[in-house]
Amino acid sequence: MLNIRYEKTATPKELPAKNDPLKFGTIFTDHMFVMDYETVKGWHDARIIPYQPISLDPSAMVFHYGQEMFEGLKAYKTEDGRVLLFRPNKNIERANNTNRRICIPEIPEEDFLQAIKEVVKTDEAWIPTKPGTSLYIRPFIIATDPFLGVRPSDTYKFIIILSPVGAYYPEGLDPVKIWIEDEYVRAVKGGIGEAKTGANYVASLKSQVKAHEEGYSQVLWLDGVNRKYIEEVGAMNIFFKIDGKIVTPVLNGSILPGVTRDSVICLCKEWGLPVEERKIDIAEIKKAYEDGTLEEVFGSGTAAVISPVGQLRWEDTIMQVRDGGIGEYSQKLYDTITGIQLGKEKDILGWTVEV
Ligand SMILES: *Cc1c(COP(=O)(O)O)cnc(C)c1O
């Protein structure tokens, strides 16, 4: 159990207006959770304090060698006023996997969950209630040793900030156009692709800019060795429905293991749909498209939950999936997962945790 010190803000901010579209990641709540690490003391001085800038030495290691991790999950307000988290233990387990990979000291799982719950409770009034809205929770850890040398830091800061977010698709699910990247790669097995760390995103920026210039909203990565097996989308995992089967790349060490990905797989299995986690050659997708057996394509991730894919572009081939429309399972998965998150659907798999 953490012994959390509280310092409530003396100047609460105005809550966003009820009709504020709440653009993702732009507004932050009144408080944040902070905890420090030093080698001798371990994780200590847990506190919930007013949301504020942090002061760091310019030589802090995070600025130079990128030792940092993050997580992303959401809190939802149910119609009867409860606050629910969606599978937070999966995020916490993944956070510690990331920590181990990039030499950050682990945080005990129960302390991590307590920190999330307490800070969410503190700013509960900030959880929006309109359909599709939620409170995005962003825990992260940074290396703070003032030292210009390459080694794991001896000191860290663990911070949790909160941001009310609007519906990703305010007008209902809207299929996205995806660029299949054949020049740059995101990650390779043995690297840090399966860790949730900023470095993976830096590696992706160049390609994202190129895709945007071409009129595509996201990038689909191929494997870094053969440049032909499908990995994932920028911040989403990817699924295909081919000839009645749900197919998704197997976790191979360079793909981020999404909590939403796991939830999609569990639900499809519940529904009796065949699910295959395996290597997928991009040529197989092109062939399925040409044969007419490529029935649906969708991405999965915390921000959008399910993102139907309307178009894929690989080299000179443009694949228009379902004439750009929304697939049956994309919609059903979206409705079921958001229904569970909002406490409207029966939580048969025991995924929600009340704050
Ligand atoms: C966070 C993330 C995902 C999605 O994971 P969820 O737990 O479903 O939100 C997918 N890919 C990358 C690279 C990510 O960082």
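## Residue classes

Ala, Val, Leu, Ile, Met, Phe, Trp, Tyr, Cys and Pro count here as nonpolar; Asp, Glu, Lys and Arg count as charged; the others, Gly among them, count as polar. The model is predicted.

## Second largest pocket

By these classes, the second largest pocket is lined by 11 nonpolar, 7 polar and 4 charged residues. The pocket holds about 440 Å³ of space. Its lining numbers 22 residues, with Pro131, Ala167, Tyr168, Tyr169 and Pro170 closest to the centre.

Where does the second largest pocket lie relative to domain 1 (5-165) and domain 2 (176-341)? Both domains give residues to its lining, so the pocket lies between them.

## Largest pocket

The largest pocket has a volume of about 940 Å³. A set of 42 residues lines it. Nearest the centre are Arg138, Tyr201, Gly234, Ala235 and Ala303. The lining of this pocket splits into 19 nonpolar, 17 polar and 6 charged residues.

Domain 1 (5-165) and domain 2 (176-341) each contribute at least three residues to the lining of the largest pocket.

## Elements around the largest pocket

Several helices and strands each supply at least two lining residues. The strands are E4 (68-70), E7 (134-143), E8 (155-165), E10 (218-222) and E15 (294-301). The helices are H4 (198-213) and H5 (259-270).

Which element gives the most to this lining? Helix H4 does, with 6 residues.

Notes
Residues are numbered from 1 along each chain as its sequence is written. This is a predicted model: local features need pLDDT of at least 70, side-chain atom pairs count only at pLDDT 80 or more; totals for chains, interfaces and linings use all residues. Side-chain values use heavy atoms; hydrogens and water are left out. On a 1 Å grid over the protein atoms alone, a cavity is a set of points where a 1.4 Å probe fits but cannot get out, and a pocket is an open set with protein on both sides within 12 Å along at least five of seven lines; lining residues have an atom within 4 Å of a point. Grid points are joined across faces, edges and corners, and a volume is the space filled by probe spheres set on the points. Helices (H or I, at least four residues) and strands (E, at least two) are DSSP runs, numbered from the N terminus. Domain bounds come from an automatic or database domain assignment.
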